[in-house]
Amino acid sequence: RMEASCLELALEGERLCKAGDFKAGAAFFEAAVQVGTEDLKTLSAIYSQLGNAYFYLKEYSKALEYHKHDLTLARTIGDRIGEAKASGNLGNTLKILGQFDEAVVCCQRHLDISQEQGDKVGEARALYNIGNVYHAKGKHLSWNMAQDPGYLPQEVKETLQKASEFYERNLSLVKELGDRAAQGRAYGNLGNTQYLLGNFSEAIAFHKERLAIAKEFGDKAAERRAYSNLGNAHIFLGRFDISAEYYKKTLQLSRQLRDQAVEAQACYSLGNTYTLLQDYERAIEYHLKHLVIAQELGDRVGEGRACWSLGNAYVSLGSHEQALHFARKHLEISQEIGDRTGELTAQVNMAQLRSALGL
């Protein structure tokens, strides 16, 4: 009976995870481990699924523990494909934990074994995962230094170039395999890495490919991201009119998807783009829309940004009283959320507006 009950518990765990209830699924897998089994292949599968369940539950240290168990077991029984898979899972978990160099080692092992076993699908997945690790590392390194895309320290540049190389290798392999969905993901990530490297024309070419595949699959969320990324890249090429068109498509889709946070972001981007086009009336229209959504979402930081942008737009139109109203609101919000820079900016703006109004 022991065998059956371990397997029964594991199958129930699998069913629950497939239904999206990872918490209950993990409990059944844990119970299966407690009951135990002589069949090491089954145990390896249970460890793997436990690792994945904890990964989805964002309990990464537990995920790490079970993926390590799985790796050890796969090696013990000489299951090379299992070892490759466990290494890949470990790599992804280490990436999330910010342990990038260890993550690369694990993902590289996944790649080496997949190639040795002639497993093309595994190879493609490993190439993509290594690209993701370098991409995450590059973003992590550049977050510590706030600057525009393209102006990057050497280490960040090299890391992002590596990410790009692995995505390129992944892309050519998934083309060979005829996997369109995977091609879409590769194009999107290539667009993002090229954007961070400041290669905006290349980024645009990749995001256009991403957009075409998203439309093919009717993947509205991916389509929306592609429009947004295309808008951002055109800003840096000084093509503000084209950016505005892409942001409008982003806005349309965010409403279809009922994603208010993205809708707010699109309105904010449109407001800024019309400011760059010196069409201040339209800038105001979009910044007011952004303000309303920020208030609905209780997003005080967004609300402060909207007030600051509205103040500037009204100044450009010469409506100093309106500008002063929003500068005051910007000051209030900045004080409330403890934004010292915002507070000082608002005080300077108010002083200038008061003197312009002769107050």
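Visitor: At what angle do the axes of helix 6 and helix 7 cross?
Guide: The axes of helix 6 (residues 100-116) and helix 7 (residues 120-143) cross at roughly 165° and come within 8 Å. Axes are lines fitted to C-alpha atoms, for helices over the stretch in contact, and angles run from 0 to 180 degrees between N-to-C directions. Helices (H or I, at least four residues) and strands (E, at least two) are DSSP runs, numbered from the N terminus.

Visitor: So are helix 6 and helix 7 roughly parallel or roughly antiparallel?
Guide: Helix 6 and helix 7 are roughly antiparallel. Angles under 35 degrees count as roughly parallel, over 145 as roughly antiparallel, 65 to 115 as roughly perpendicular and the rest as oblique.

Visitor: Which residues meet there?
Guide: From helix 6, residues including Phe100, Val104, Cys107 and Leu111 take part, and from helix 7, residues including Leu127, Ile130, Val133 and Tyr134. Contact means heavy atoms within 4.5 Å. The residues of this contact divide into 11 nonpolar, seven polar and four charged. Ala, Val, Leu, Ile, Met, Phe, Trp, Tyr, Cys and Pro count as nonpolar, Asp, Glu, Lys and Arg as charged, and the others, Gly among them, as polar.

Visitor: Where do these coordinates come from?
Guide: This is a predicted model: local features need pLDDT of at least 70, side-chain atom pairs count only at pLDDT 80 or more, and totals for chains, interfaces and linings use all residues. Residues are numbered from 1 along each chain as its sequence is written, and side-chain values use heavy atoms, with hydrogens and water left out.

Visitor: New topic. Which residues of helix 10 are buried?
Guide: Among them are Phe200, Ile204, Phe206, His207, Arg210 and Leu211. Buried means under 20% relative accessible area, exposed over 50%, partly exposed in between (1.4 Å probe, protein chains only).

Visitor: What covers them?
Guide: The cover of helix 10 includes helix 8 (154-176), helix 9 (180-196) and helix 11 (220-236).

Visitor: And what follows helix 10?
Guide: Gly218, with a positive phi near 60°.

Visitor: What about helix 11?
Guide: Its buried residues include Glu223, Arg224, Tyr227 and Leu230. Helix 9, helix 10, helix 12 (240-256) and helix 13 (260-276) are among what covers the buried residues of helix 11. Just after helix 11, Gly238 has a positive phi of about 75°.

Visitor: How many helices and strands does the whole chain have?
Guide: The protein chain has 17 helices and zero strands. Buried residues make up 46% of its 359 residues.
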